[in-house]
Amino acid sequence: MSAGAGAGLGAAFNAPLSGVVFVLEELHGNFTPVMFVAAFLASVSGDVVARLLTNELPVFHLTGMIAPGVATVPWAALLGVLAGAGGVFFNRALLLTLDFRDRAVRWPGWALGGAVGAIVGLAAWLVPGLAGSGGPLVQSALAGQIALGALPLFIVARFCLTMVSYCSGAAGGIFAPLLGLGALGGLLFGAGVHALVPHGAAELTPAVFCVLGMGAMFTAIVRAPLTGIVLMIELTGVYGFMLPLLVACLTAYGVAEVLGNTPIYEALRLRSRPAVPAAAAG
């Protein structure tokens, strides 16, 4: 199962190293030779097959972007604080949404799935590109093709669609949607930085914070900072993001820890366990 998780991540994002790190850091939290070899072979082979069937380019294409330097670090720390708080809010909202579904929604599975499908389909029809995995939306954000005035609406709409879609119980995930939210939030933050420091360093562009936002949001929600850093490097193919990514991701991690929030996959795993009766537990 762990090898399959690593292979899926490596193939989906052309990120074999991230697949290995995710298995060791998040799924197990320890390092054993057997687990490392299994995750390594599965992630690399999954990535090789995906590249043969599609292409060998990074998932997100950055053109003409200056690698961020030391001038970005203070802003990366501030973005990490905001992403840490946002990640905690995301986790708690997702669990509350699932609890509400269990308590209040008594519809059969097919009816709930049909209703959610209708909502998402209507949203996609009204705003093309809003629904889906979020990959094209992130690429548009990186390319600066999204109007800044529409960003708050996109963030709220994507957040609501993620909550509604996940609580439907259909097969799916939150990995790609949370990256989309991080990218949009980072872009909005970057636009604010650019407005405050219009003549600042050349690397203080909104697109730079788009990448940092993805890494910081992933770290805050999943609580896997090393995976978030490595994943962003592999997604963009730009090693120059390493320094601000370290700052943003570790700051987001610290904020989420201070707020006492459980990592989302751990919370969902605990939630899925059957309750043990008090007498049996005693």
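Which residues form one aromatic cluster? Phe-13, Phe-22, Phe-175, Phe-218 and Tyr-265 do. This is a predicted model, where local features need pLDDT of at least 70 and side-chain atom pairs count only at pLDDT 80 or more, while totals for chains, interfaces and linings use all residues. Residues are numbered from 1 along each chain as its sequence is written, and side-chain values use heavy atoms, leaving out hydrogens and water.

**Aromatic pairs**

- The structure holds eight aromatic pairs, where rings of Phe, Tyr and Trp (its six-membered ring) pair if their centres lie within 6.5 Å; planes under 30 degrees apart count as stacked, over 60 as edge-to-face and the rest as tilted.
- One of them is the edge-to-face pair of Phe-22 and Tyr-265, at 6.2 Å centre to centre with 80 degrees between the planes.
- Because Phe-22 lies in helix 2 (residues 16–28) and Tyr-265 in helix 12 (residues 264–272), this pair ties together parts that are 243 residues apart in sequence; helices here are DSSP runs (H or I, at least four residues), numbered from the N terminus.
- Phe-22 is buried at 7% relative accessible area, whereas Tyr-265 is partly exposed at 23%; buried means under 20%, exposed over 50% and partly exposed in between (1.4 Å probe, protein chains only).

**Cysteines**

- Searching the whole structure turns up zero disulfides, a disulfide being a pair of cysteine sulfur atoms within 2.5 Å.
- For Cys-160, the nearest cysteine sulfur belongs to Cys-167, 11 Å away, which is too far for a bond.
- Cys-160 is partly exposed, with a relative accessible area of 39%, and Cys-167 is buried at 12%.

How values were computed. Helix = DSSP H or I, 4+ residues; strand = E, 2+ residues; numbered from the N terminus.
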